[in-house]
Amino acid sequence: MHPALTTPLATAAALPLIAMAHGAKPLAAINASAHWLDQTAGATPGPHPVFSPVGLATNLAAAAMWGALMGAALSRTGKPALTAAAVAATAAAVDYGLMPRRLTPGWEMALPRSAVAAIFAAMALGMAAGTVRK
């Protein structure tokens, strides 16, 4: 597989698991990612007909983009684990340091900082998983 495929899969799996590990509802962080559409999404922990699919699509698209960047960076570095960690750290810095608040993942609206960090770590694992060859 390619990191552009494994990164969204890992992120989609990690979001509800990490949310539950931190005492939140499984869809809380997914819904929060729809905050670019409606600010109340960040406070909607359960299934929602708009926020849940929009949040999931937003997360999948963003993770696929970061995974594709990982694949491109890996062709230059040849070091999967280091490149995955660097790209995930860059994603965190861009998403929470450079982007306007409305365009952030929004996970912090539903989860503590430690959970947000764990999601980026899961992204890194998904990126690295995409480099494993059979």
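I began with α1 and α3, which are oblique to each other because angles under 35 degrees count as roughly parallel, over 145 as roughly antiparallel, 65 to 115 as roughly perpendicular and the rest as oblique. Their axes come within 7 Å and cross at roughly 140 degrees. Axes here are lines fitted to C-alpha atoms, for helices over the stretch in contact, with angles from 0 to 180 degrees between N-to-C directions. Helices are DSSP runs (H or I, at least four residues), numbered from the N terminus.

I noted the basis of the model. It is predicted, so local features need pLDDT of at least 70 and side-chain atom pairs pLDDT 80 or more, while totals for chains, interfaces and linings use all residues. Residues are numbered from 1 along each chain as its sequence is written, and side-chain values use heavy atoms, without hydrogens and water.

Back to the pair: I listed the residues in contact (heavy atoms within 4.5 Å). Pro3, Ala4, Thr7, Pro8, Thr11, Ala12 and Leu15 of α1 meet residues of α3 including Leu56, Asn59, Leu60, Ala63 and Gly67.

Next I looked at α4 and α5. Their axes are 8 Å apart and the packing angle is about 140 degrees, which makes α4 oblique to α5. From α4 the contact includes Ala84, Ala88, Ala91, Asp95 and Tyr96, and from α5 it includes Val116, Phe120, Met123 and Met127.

I checked the length of α5 (residues 113-129). Its 17 residues should span 24 Å at 1.5 Å a residue, and the end C-alpha atoms are 24 Å apart, which agrees; the expected span is 1.5 Å times one less than the number of residues. Among its buried residues are Ala115, Ile119, Phe120 and Met123, and their cover includes α1 (3-21), α3 (51-77) and α4 (80-98). Buried means under 20% relative accessible area (1.4 Å probe, protein chains only), exposed over 50%, partly exposed in between.

Trp107 lies in the loop between α4 and α5. Is Trp107 buried or exposed? At 3% relative accessibility Trp107 counts as buried. Beyond four places in sequence, Trp107 touches Leu15, Ala29, Ser33, Asn59, Tyr96, Val116, Ile119, Phe120 and Met123.

Last, I looked up Asn31, in α2 (residues 28-32). Asn31 counts as buried, at 0% relative accessibility. Its side chain makes a polar contact with the side chain of Ser52 at 2.7 Å. A polar contact is a pair of N or O atoms within 3.5 Å; within protein, one must be able to donate a hydrogen and the other to accept it, and residues adjacent in sequence count only if both atoms are side-chain atoms.

Key: Helix = DSSP H or I, 4+ residues; strand = E, 2+ residues; numbered from the N terminus.
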